Amino acid sequence: MLAYLARRLAESFLVLAIMSFVIFALLGLMPGDPIDVMIFSDPEMTPEDAARLRALYGLDRPIAERYLTWLGSALQGDFGYSRLYNRPTLDILLPRLGNTVVLMGLSLFLALIIALPAGIYAATRPQSLTDHGINLIAFAGISIPPFWLAILLIILFAVVLGWLPAGGMGDGQSFWSDLRFLVLPVLALTIATVGGVIRFMRAAAIEALRQDFVRTARAKGLSGRQIVIGHVLRNAMIPVATILALQMGNLFSGALITETIFAYLGMGKTIYDSVVGNDYNVALVGLLLATLTTLLANLLADLAYTWLDPRISYQ
Amino acid sequence: MTISPHPETPNEGRPLLAAEAALAGGAALSVRQIFWRRFLAHRLAVASLAFLVLLSLASAAAPLVEALLGVDGNLVDLFNAKQPPSAQHPLGTDELGRDTLVRLLYGGQVSLIVGLAAALGSAVIGSFLGIMAGYYGGRLDALLMRFTDGVIALPILPLLIILAAVDLRKLGLPEDLVASESISIYRIVVLIVLVGWTTVARLVRGATLSMKTREFVRAAEAMGAPARRIMLVHILPNVVSPIIVATTLSVGGIILLESVLSFLGLGIQPPLPSWGNMLTNAQELIWEAPVLAIYPGLLIFLTVIAFNFLGDGLQDALDPRAIQED
């Protein structure tokens with residue numbers, strides 16, 4: 001088990017290292033480098049000045065060399081400064097990572113609370129009216145453009161009803177007033193997530209329901225409820241756990257859209273703003289943190305397997 | 001988009017084929033007849049297909065509609081901005097005075113072309129990698145599948161945002177290509193294919209693994225058929241159903257992704273209209289012209305859900321497990 005964990009961790013860091021180089025190279029291909037930005041803000045600067053600055057910051061050196069320099073300081077915990085905020089990159093990103101974890105965690109939790117019963121209920125009554133209804137809702141959830149959904153929610157709850165703020169963050173004064181700012185983003189992300197989870201849950205439950213042990217349980221006289229809770233739920237959770245882990249990347253993408261529209265200060269919005277605003281250090285480290293989060297979520301799901309299904313063991 | 005939210009469901013509750021055959025007076029049904037019977041039984045899929053055909057025709061007729069109404073979809077006319085519906089502008093005009101209906105139709109062209117092209121591209125690359133991994137197995141398989149897992153685990157949207165911001169001139173592409181209006185269509189198709197092939201690759205690999213142990217494949221091998229021929233002639237035609245289903249289901253996700261990127265200003269670039277970039281200003285216009293925010297979003301929603309239902313119907317109709325019952 002420990003050896004397996006070590007190997008998986010090593011793999012995750014390998015993926016992370018490859019990603020860091022790829023993103024580093026991509027950022028080098030973006031229009032304008034930091035010096036262009038300086039030229040833009042200082043019309044007096046001559047081309048010679050610009051060349052001197054490029055040499056000073058090492059921007060004239062080959063990409064591999066620049067990457068190794070970056071990696072060297074990154075490994076010592078120095079991720080550079082944010083150009084937009086003039087503060088160390090991690091000071092900007094870490095609190096926002098926390099905000100995103102709150103948003104994603106709440107939405108995923110709500111989606112599961114809704115999808116587990118809905119999916120199992122539909123699975124126990126295949127082709128019934130309820131099944132078709134749940135299926136239709138699930139399809140609608142998968143198909144609705146998340147940014148449009150967010151705009152509709154703003155129109156309804158902020159513009160028409162005036163119940164909730166249209167965007168932004170609380171001022172941290174009181175927990176309850178801060179919570180009001182979370183409602184719409186969490187609602188939007190939950191709706192965007194729940195459809196897929198219902199479909200997976202339903203498929204997994206149907207698969208579990210046709211297993212021999214379910215027939216045995218029924219034959220020995222267990223009630224439908226006992227069978228679903230004791231036999232189906234746990235077995236259906238195994239495939240769902242994998243899917244959920246693989247959905248982490250999607251969930252993060254959904255969070256990016258939600259955060260951007262609701263001006264919620266999370267990682268997704270920060271990455272988007274930094275790419276659009278040429279803030280290379282923040283873009284690079286932000287994307288790496290997002291990748292690390294999804295990789296660790298994958299690892300957690302694999303560990304959840306052994307808990308859900310003791311027959312699986314890792315060597 | 002990485003993992004499609006469409007698990008393969010077994011064909012529960014569907015009338016068995018024996019019963020269908022009995023209905024047909026005991027005469028055996030051909031595979032094609034079975035397909036059509038099952039597909040037509042999925043009413044939502046049939047309605048979706050009709051909607052998509054209509055939408056494609058209407059989008060293709062955009063220049064015709066333009067001529068009929070006597071309007072120019074790209075003409076900025078600030079004196080006639082945000083007009084209510086009228087005879088000349090059936091759906092009114094946008095914040096720059098352009099006809100909303102015509103722009104919606106041109107946007108439909110863009111969305112459908114991007115969706116279909118990127119889905120086909122992903123299917124081709126995914127099939128190629130999947131069949132190679134499944135047929136050759138061993139180290140190649142391990143390497144390709146690790147790579148696939150890695151791509152699936154990535155947070156796709158932020159990655160696409162960085163990719164979409166790359167300056168194509170720095171990649172050494174010719175200036176006239178980079179400056180052309182349709183470059184944003186090519187670029188978004190390529191970007192989506194880059195991250196979109198994983199679903200088909202995994203499906204085809206799995207199907208190839210089970211195919212390559214079948215007798216007819218073994219027989220072909222024993223007769224000395226080259227690997228390329230076995231893969232193309234003996235395996236690929238037999239795994240084509242799941243490819244069709246997965247590809248149809250992926251179109252919806254791709255259209256969503258395109259609209260998100262265009263909405264964020266990184267996809268289809270104005271003045272070329274797309275449903276996504278028509279919504280870019282919608283948030284500021286919520287107060288004055290809320291309908292401008294409704295139409296493009298509604299069309300994205302309907303198109304995506306139609307492709308999803310269509311894929312679901314195809315899945316039911318092509319389910320190999322059900323056909324084996326015959």
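Begin by selecting B:Pro271, which is placed in the loop between α13 and α14 of chain B. The peptide bond joining B:Pro270 and B:Pro271 is cis, with omega at about 10°. As this is a predicted model, that geometry is a computed value.

**The two chains**

Next, colour the model by chain. Chain B contains 16 helices and 0 strands, while chain A contains 13 helices and 0 strands. The C-alpha trace of chain A spans about 85 × 55 × 35 Å along its principal axes. Of the 315 residues of chain A, 38% count as buried; for the 326 residues of chain B, the figure is 42%.

The contacts within each chain may be considered next. In chain A, 70% of the contacts between residues at least 6 apart in sequence join residues at least 24 apart. In chain B, residues 24 or more positions apart account for 72% of the contacts with a separation of 6 or more.

Now colour chain A by confidence. The average pLDDT of chain A is 82, and 95% of the residues score at least 70. Where pLDDT is low, the predicted coordinates should not be read in detail.

**The contact between the chains**

Select the residues at which the chains touch: 45 residues come from chain B and 47 residues from chain A. On the side of chain B that touches chain A, at least two residues each are supplied by α6 (138-153), α7 (156-165), α13 (240-263), α14 (282-285) and α15 (290-318) of chain B. The most is given by α15(B), with 9 residues. By type, this side of chain B divides into 32 nonpolar, 10 polar and 3 charged residues.

For one helix pair across this contact, select helix α11 (residues 248-262) of chain A together with α7(B). Their axes come within 7 Å and cross at roughly 65°. Here A:Gly249, A:Ser253 and A:Leu256 of α11(A) meet B:Ile156, B:Leu157 and B:Pro158 of α7(B). The residues of this helix contact comprise 4 nonpolar, 2 polar and no charged.

Then centre the view on A:Ile151, in helix α7 (residues 146-160) of chain A. Is A:Ile151 buried or exposed? A:Ile151 has 23 C-beta neighbours inside 10 Å and therefore counts as buried. Apart from neighbours within four places in sequence, A:Ile151 is in contact with A:Ile261 and with B:Ala282, B:Gln283 and B:Ala293 of chain B. A distance may also be displayed from A:Ile151 to A:Phe175, which is 24 residues away along the chain: their C-alpha atoms are separated by 25 Å.

**A loop residue in chain A**

Move to A:Ala263, in the loop between α11 and α12 (267-276) of chain A. A:Ala263 has a positive phi of about 50°, although it is not a glycine. With 14 C-beta neighbours inside 10 Å, A:Ala263 counts as partly exposed.

**The nonpolar core**

Select A:Met201 and A:Ala205 next. Of the 156 residues in the largest nonpolar core, these two touch the most other members. Helix α8 (residues 175-209) of chain A contributes the largest share of this core, 19 residues. Which residues does A:Ala205 contact, leaving aside its neighbours within four places in sequence? They are A:Gly119, A:Ile120, A:Ala123, A:Val232 and A:Ala236.

Finish at helix α12 (residues 227-235) of chain B, where B:Ile230, B:Met231 and B:Ile235 are buried. Turn the view to look down the axis of α12(B): the buried residues fall within an arc of 95°, so they line one face of the helix. Elements covering these buried residues include α5 (100-136), α10 (198-211) and α11 (215-222) of chain B.

How values were computed. Residues are numbered from 1 along each chain as its sequence is written. Chains are lettered from A and ligands numbered from 1 in the order in which they are written. This is a predicted model: local features need pLDDT of at least 70, side-chain atom pairs count only at pLDDT 80 or more; totals for chains, interfaces and linings use all residues. Two residues are in contact if their C-beta atoms, placed from the backbone, lie within 7 Å. Helices (H or I, at least four residues) and strands (E, at least two) are DSSP runs, numbered from the N terminus. Ala, Val, Leu, Ile, Met, Phe, Trp, Tyr, Cys and Pro count as nonpolar, Asp, Glu, Lys and Arg as charged, and the others, Gly among them, as polar. A residue is buried if 20 or more other C-beta atoms lie within 10 Å of its own, exposed if 12 or fewer, and partly exposed in between; C-beta atoms are placed from the backbone. The arc is that of the directions from the helix axis to the C-beta atoms. Axes are lines fitted to C-alpha atoms, for helices over the stretch in contact, and angles run from 0 to 180 degrees between N-to-C directions. A nonpolar core is a set of buried Ala, Val, Leu, Ile, Met, Phe, Trp, Tyr and Cys residues joined through C-beta atoms within 7 Å. pLDDT is the predictor's confidence in each residue, from 0 to 100.
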